[in-house]
Amino acid sequence: MSNNLIEVDGVTKYYGADPALKDVSFSVGRGEIIGIAGPSGSGKTTLLNMISGLSKPSAGSIKISDKDIGKLKPGKELAALVGMIDQQYSIVPELNVINNVLAGNLGNWSLLKSLVSLIYPLEREKVSLMLKDLGIEDKINNKAAHLSGGEQQRVSIARLLIQNPMVVLADEPVSSLDPTRAEDIMQLIKSKLVTENRSVIITLHNTKLIQNYCSRLIGIKEHSVVFDVSSDHINEEMLSELYK
Amino acid sequence: MKQISNYVESKKILTLILVAAFIWSVMTIFNTDQALISYDGFSTLLNFLWSIFYLDITPDFLFICFKAVIQTILYAFAGLSLAIIIAIPVGILSSGTYIHNTYINNTFVVVLRFLLAATRSIHELVWALLLVSIIGLSPMVAVLALTIPYVGILGRIFAEQLRDVPEQPIRALLTNGANYPKAVIYGRIPLAMPNIISYIFYRLECGIRSAAIMSFIGIQGIGYQIHLSLLDLKFGQVWTGLICLTIMVIVVDLWSTTVRKALTT
């Protein structure tokens, strides 16, 4: 067993004849929080989708804890390895907060239990404590659509805490929030989601957030990795060159 | 560029064909030996129009009409409810979002879509006529004649709505441990629900109109009452029946509009 939690090895992805990613390799250790930056269309989301197991690489392999992600179907085994938080659309706005959080259990629950919980939410106390910790315990019965952007992201974080995967992928989790809310959510991701055994991969555009919260930054441009450096070495020039 | 000009050309040709077809069809009207308008009908028409001032509003007849309206509404409710119960599983399976295995999934999708298309391509009135000759003039005919094509219509709409939900929440649920069935119940159904309910209410309006028309073929209901009065040439009663039918449709329309507005805002 290697020390690294994630091993991305020579991953290439084609959509038809167009490359979305070309020969990308890197690894992530346990308890790390890694930033990924790059212009729109450079392949960041494609990369995250493949690490999440929802799309398969055209070539190369992705392993989390030595298990080949490309060979797993959505369900229990995949959910134990990797979970995802999106820009703000991860939650189901029509469901109330508690059911959105309990969706983190779907990998372990049977279809029947999931249905029962939709009508009569199980584990109410556990969720209530968790939401209290995240500062939104009073919203537990609200429809998720009525929450603010920052509150919706807290619901997504609570769902991931229930799911408890080894890797969390965050695809621009703060890009629709104002700077203060963005800082709050980054703080929560770092303090709640990153643990000794869990790593987070996060796509970000903001240099300051990258410097403050990530241990490393991977720059992607035109479908390839252009740099992979410790965040101490990151400066504005590197990023403006990346986005040029 | 060539593609665009081809497209414009073919559009012009299509327009010409349609215009020619229209002119030809109008010509055929004048090409028959029969008179276009039967002038004897005018006196009956005047008689009929005049009868609006002689509405039959005796309590007995009003009660008959009221009963008939309730019957019509009940047929529509029963037919639609049965259609919803069948259309939910059929719609889910034919949406192609429930089964992981591509081959099994495609088989379900193709077979069910064909069945749905077949049931809805025959109008409810035709189903009613067919069913009357099999079952006879029973209320069951009205209910089934609505249910069969409505399963086809609702099943297709349910499938479309379940397929067309935003992808991000579904993607998130799949990475949170849901398989396809669980993503359907936690994601697709809640996301599609407002549109589905709104559409069901629209179908209820249609169903009530259909049930009223269906009763013209002899199944109990407001249409049947109007038909009987018409055969007896009691035009006053016909008007009363028509007004009852109109009020019924307006009331259901208003109710349905209110509910749909509340759902979409």
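# Chat on chains A and B

Colleague: Where does A:Asp23 lie?

Modeller: In strand β2 of chain A, which covers residues 18-29. Bear in mind that this is a predicted model.

Colleague: What is phi of A:Asp23 near?

Modeller: Near 45°. That is a positive value in a residue other than glycine. Most residues other than glycine have a negative phi.

Colleague: And how does A:Asp23 count, buried, partly exposed or exposed?

Modeller: Partly exposed, because A:Asp23 has 14 C-beta neighbours inside 10 Å.

Colleague: Now A:Glu222. What is its phi near?

Modeller: Phi of A:Glu222 is also near 45°, and again the residue is not glycine.

Colleague: Which part of chain A holds A:Glu222?

Modeller: The loop between β9 (216-221) and β10 (224-230). A:Glu222 counts as exposed, because 12 C-beta neighbours lie inside 10 Å. The cut-off for exposed is 12 or fewer.

Colleague: Another chain A residue. Where is A:Gln87 placed?

Modeller: In the loop between β6 (82-85) and α3 (97-102) of chain A. It has 17 C-beta neighbours inside 10 Å, so A:Gln87 counts as partly exposed.

Colleague: Leaving aside neighbours within four places in sequence, what is A:Gln87 in contact with?

Modeller: A:Asp171, A:Glu172, A:Pro173, A:Ser175 and A:Ser176.

Colleague: How far apart in space are A:Gln87 and A:His233?

Modeller: 27 Å, C-alpha to C-alpha. In sequence they are 146 residues apart.

Colleague: Switching to chain B. How is it divided into domains?

Modeller: Domain 1 is 2-35 and domain 2 is 60-264. Their centres, taken over C-alpha atoms, are separated by 36 Å.

Colleague: Helix packing next. How do α7 and α8 of chain B cross?

Modeller: At roughly 165°, with the axes coming within 9 Å. Helix α7(B) is residues 167-175 and helix α8(B) is residues 180-214. The two are therefore roughly antiparallel. The crossing is right-handed.

Colleague: Which residues make that contact of α7(B) and α8(B)?

Modeller: From α7(B), B:Pro169, B:Ile170, B:Leu173 and B:Leu174. From α8(B), B:Ala183, B:Tyr186, B:Gly187, B:Arg188 and B:Leu191. By type, the contact of α7(B) with α8(B) has seven nonpolar residues, one polar and one charged.

Colleague: What about α5 and α6 of chain B, at what angle do they pack?

Modeller: About 135°, with the axes 8 Å apart. Helix α5(B) runs over 124-135 and helix α6(B) over 139-163. That angle makes α5(B) oblique to α6(B).

Colleague: Is the crossing of α5(B) and α6(B) left-handed or right-handed?

Modeller: Right-handed.

Colleague: Which residues meet there, α5(B) against α6(B)?

Modeller: On α5(B), B:Glu124, B:Trp127, B:Ala128, B:Leu131, B:Val132 and B:Ile135. On α6(B), the list includes B:Met140, B:Val141, B:Leu144, B:Ile148 and B:Pro149. The contact of α5(B) with α6(B) counts 13 nonpolar residues, no polar and one charged.

Colleague: One more pair. How do α3 and α9 of chain B cross?

Modeller: At roughly 140°, and the axes come within 7 Å. Helix α3(B) is residues 59-94, helix α9(B) residues 222-231. They are therefore oblique to each other.

Colleague: Which residues meet in α3(B) and α9(B)?

Modeller: B:Ile64, B:Cys65, B:Ala68, B:Val69 and B:Thr72 of α3(B) meet B:Ile222, B:Tyr224 and B:Gln225 of α9(B). The contact of α3(B) with α9(B) splits into six nonpolar, two polar and no charged.

Colleague: Which helix has B:Gln237, and is that residue buried or exposed?

Modeller: B:Gln237 is in helix α10 of chain B, residues 235-264. B:Gln237 is buried, because 24 other C-beta atoms lie within 10 Å. Buried starts at 20 or more.

Colleague: What is B:Gln237 in contact with, beyond four places in sequence?

Modeller: B:Asp56, B:Phe61 and B:Ser229. The C-alpha atoms of B:Gln237 and B:Leu62 are separated by 9.3 Å, though the two are 175 residues apart along the chain.

Colleague: Last topic, the chains together. How many residues of chain B are in contact with chain A?

Modeller: 21, against 28 residues of chain A.

Colleague: Which elements of chain B give two or more residues to that side?

Modeller: α7 and α8 of chain B. α8(B) gives the most, with eight residues.

Colleague: How do the residues on that side of chain B divide by type?

Modeller: 12 nonpolar, seven polar and two charged.

Key
Residues are numbered from 1 along each chain as its sequence is written. Chains are lettered from A and ligands numbered from 1 in the order in which they are written. This is a predicted model: local features need pLDDT of at least 70, side-chain atom pairs count only at pLDDT 80 or more; totals for chains, interfaces and linings use all residues. Axes are lines fitted to C-alpha atoms, for helices over the stretch in contact, and angles run from 0 to 180 degrees between N-to-C directions. Helices (H or I, at least four residues) and strands (E, at least two) are DSSP runs, numbered from the N terminus. Angles under 35 degrees count as roughly parallel, over 145 as roughly antiparallel, 65 to 115 as roughly perpendicular and the rest as oblique. A crossing is left-handed if the near helix is turned anticlockwise from the far one by less than a right angle, and right-handed if clockwise. Two residues are in contact if their C-beta atoms, placed from the backbone, lie within 7 Å. Ala, Val, Leu, Ile, Met, Phe, Trp, Tyr, Cys and Pro count as nonpolar, Asp, Glu, Lys and Arg as charged, and the others, Gly among them, as polar. Domain bounds come from an automatic or database domain assignment.
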